[in-house]
Amino acid sequence: MAEEDDSGQEKSEEASARKIEKAREEGQIPRSRDLTTTAVLLLAVIGIYIFADFMANKLIGITRANFVISRETIFDTNAMIGHLVAAIYDGLFSIAPLMAILLIASIVGPIALGGFIFSSKAMEPKLSRMDPIAGIKRMFSMHSLIELGKALAKVLLLLWATILILQFYAQDMFRLSDETVANAIIHSLEISIFATIALSVTTILIAAIDVPIQIYQYNKKLKMSRQDQKDEAKDTDGKPEVKGRIRQLQREMAQRRMMGNVPQADVVITNPEHFSVALRYDPEKMDVPIMLAKGGDHVAMKIREIANAHKIEIIQSPVLARAIFYTTDVDEEIPSGLYLAVAQVLAYVFQLRNFRKGKGDKPMYPRNINVPRDMRYDAKGKLE
């Protein structure tokens, strides 16, 4: 049965990358004590087997040096201190290789599952851990029962492996009494080392079972409900109300910036009521006219107000106004299909501007503005 959160919702969704990252920041990663124990135990036994001769010779040398001492040396304080220092140095040097192996095993074992992590939050004291009621609940929780079952299984497995090893070496151990003392000591050491290695190998099976269990429990603990995912999305991306307000402010800023460009326009083409688009064209600097502003309804009225205030020519052409409105974005060039239609309007505007300056005749208002059929839209933005 899937785990449920406090709100009663089923935690059936996999943990998000953000939750996994947050868990790592708090020091929560999958760990297997049995894997660490296996690594340390195996490498320790193998290290003893490899460096047994080296350590034995060093210890024999230390023993011989400290048991064969002259009378003068025994009563010489400085000489005895020298013997002690030399014995300590030789003793540490004899076990240094084994200690190095154990150090590596103690580091590699824990990070083999979950990787290396340092979290100060994991070391922070928590008063909840001192709550006796919570402690009793943990003692009789499902997790504790699982751990108890695992411990019993490990004991039984090791007991079974021990019996098999004793049966395997039974004849060898019985023959030790027939060997010389020296050979019996060497033979008994060999039996002990190989038996210990065989027993240590058994812990590999324990670790192989424990690692998948730890990974499963870790993933199960991090599972999320749909509400958890929604709450995380709110925390990560922001609440919908805040995002909506930000978008509204961005639209208002863009609209103010757009309205500030209207006075630079050469002409405003209107629907005449629902749409307005403001165009600018400088033959010396531009190859194609660009749209400075566009809007519908109230924005369209505002564009016309600004155009009137700055004496910008307003042309009524519903078909062309809608075509530009639905095919062109602000600060973009008009599409090639509207070149001819816009050229008709701009030619009229420039000629009218010259006429008002006393240059040339009064131009004729463009009646038949040529807008391609595939660019004719109705008021709802659908092709006619």
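Author: Glutamine 214 has its place in helix α7; helices (H or I, at least four residues) and strands (E, at least two) are DSSP runs, numbered from the N terminus. The model is a predicted one, in which local features need pLDDT of at least 70 and side-chain atom pairs count only at pLDDT 80 or more, whereas totals for chains, interfaces and linings use all residues. Residues are numbered from 1 along each chain as its sequence is written, and side-chain values use heavy atoms, with hydrogens and water left out.

Because its relative accessibility is 15%, glutamine 214 counts as buried; buried means under 20% relative accessible area, exposed over 50%, and partly exposed in between, with a 1.4 Å probe and protein chains only. When neighbours within four places in sequence are left aside, glutamine 214 is in contact (heavy atoms within 4.5 Å) with Pro30, Arg31, Ser32, Leu113, Glu147 and Lys150.

The helix that holds this residue also packs against another. Two packed helices are described by the angle between their axes and the distance between the axes. Axes are lines fitted to C-alpha atoms, for helices over the stretch in contact, and angles run from 0 to 180 degrees between N-to-C directions. The axes of α2 (residues 33–67) and α7 (residues 181–222) come within 8 Å and cross at roughly 160 degrees. The two helices are therefore roughly antiparallel to each other; angles over 145 degrees count as roughly antiparallel, under 35 as roughly parallel, 65 to 115 as roughly perpendicular, and the rest as oblique. The crossing of α2 past α7 is left-handed, a term used if the near helix is turned anticlockwise from the far one by less than a right angle, and right-handed if clockwise. From α2, the residues in this contact include Arg33, Asp34, Leu35 and Tyr49; from α7, they include Ile193, Phe194, Asp210 and Val211. The residues of the contact of α2 with α7 divide into 13 nonpolar, four polar and three charged. Here Ala, Val, Leu, Ile, Met, Phe, Trp, Tyr, Cys and Pro count as nonpolar, Asp, Glu, Lys and Arg as charged, and the others, Gly among them, as polar.

Helix α2 also packs with α4, at an angle of about 170 degrees and with the axes 8 Å apart. These helices, too, are therefore roughly antiparallel to each other. The residues of the contact of α2 with α4 comprise 21 nonpolar, eight polar and two charged.

Residues up to four places away in sequence not being counted, serine 94 touches Phe54, Met55, Lys58 and Leu59. The C-alpha atoms of serine 94 and phenylalanine 54 are separated by 7.0 Å, although the two lie 40 residues apart along the chain.

A last point concerns backbone geometry elsewhere in the chain. Most residues other than glycine have a negative phi, and most peptide bonds are trans. Aspartate 297, in the loop between β3 (290–296) and α10 (298–309), has a positive phi near 55 degrees. With 46% relative accessibility, aspartate 297 counts as partly exposed. Aspartate 331, in the loop between α11 and α12, has a positive phi of about 70 degrees. At 52% relative accessibility, aspartate 331 counts as exposed.
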